[in-house]
Amino acid sequence: MGLSTHVLDTMNGCPAAGMQVALYALEGDGEAPKATLIKRLTLNHDGRNPDGPLLDNAALRAGQYRLTFDVKGYFAARGVPLPEPSFLDQVSLDFGVADVTAHYHVPLLVSPWSYSTYRGS
């Protein structure tokens, strides 16, 4: 199955359709690892990648990755009044992949003021 994500808008109680997401591979240790863009996508009506997994098992490599979610852009497009600067702008989640044969699901539950994530199934 590879790597997947799913974003739920907890303010409106729905999938985050239309949210922009970027996936990066991270290289190097320390505070500022090098981030190489793998892909950008727009979430579908169900808050998921319209093309299925972000990476299938054949493309998934052991290592560090980053998913960046455009939270500010998403809520602004929905007409939510946001302060300037907004509390959340881009939410970046750095995570590791150890077993390339496993399914790594990275869900995000988000509002303009909070977010939560976990390793899903």
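**Strands and cavity**

Mentor: L8 stands opposite P15 in β2. The model is a predicted one.

Trainee: Which strands stand at the edges of the open sheet of 4 strands?

Mentor: The sheet has mixed pairing and runs in the order β2-β1-β7-β8. Within it, β1 (residues 3–9) pairs with β2 in the antiparallel sense over 2 bridges. Two strands have a single partner strand each, so one side of each lacks a neighbour in the sheet; these edge strands are β2 (14–15) and β8 (115–117).

Trainee: What is the bridge partner of Y65 in β6?

Mentor: Strand β5 (residues 63–70) pairs with β6 in the antiparallel sense, over 8 bridges. Strand β6 (residues 90–97) has an uncovered face with Q90, S92, D94 and G96, and a covered face with V91, L93, F95 and V97. The partner of Y65 in β6 is F95.

Trainee: How many cavities of 30 Å³ or more are there, and what volume has the largest?

Mentor: Rolling a probe the size of a water molecule over the atoms shows where empty space is left. By this rule, the count is 1 cavity of 30 Å³ or more. The volume of the largest cavity is about 50 Å³.

Trainee: How many nonpolar residues are in the lining of the largest cavity?

Mentor: The largest cavity is lined by V71, K72, F75, L82, P83, S86, F87, L88, P112 and W113. By class, this lining has 1 charged and 1 polar residue, and the number of nonpolar residues is 8.

Terms used
Residues are numbered from 1 along each chain as its sequence is written. This is a predicted model: local features need pLDDT of at least 70, side-chain atom pairs count only at pLDDT 80 or more; totals for chains, interfaces and linings use all residues. Side-chain values use heavy atoms; hydrogens and water are left out. Buried means under 20% relative accessible area, exposed over 50%, partly exposed in between (1.4 Å probe, protein chains only). Two strands pair if DSSP finds at least two bridges between them. On a 1 Å grid over the protein atoms alone, a cavity is a set of points where a 1.4 Å probe fits but cannot get out, and a pocket is an open set with protein on both sides within 12 Å along at least five of seven lines; lining residues have an atom within 4 Å of a point. Grid points are joined across faces, edges and corners, and a volume is the space filled by probe spheres set on the points. Ala, Val, Leu, Ile, Met, Phe, Trp, Tyr, Cys and Pro count as nonpolar, Asp, Glu, Lys and Arg as charged, and the others, Gly among them, as polar.
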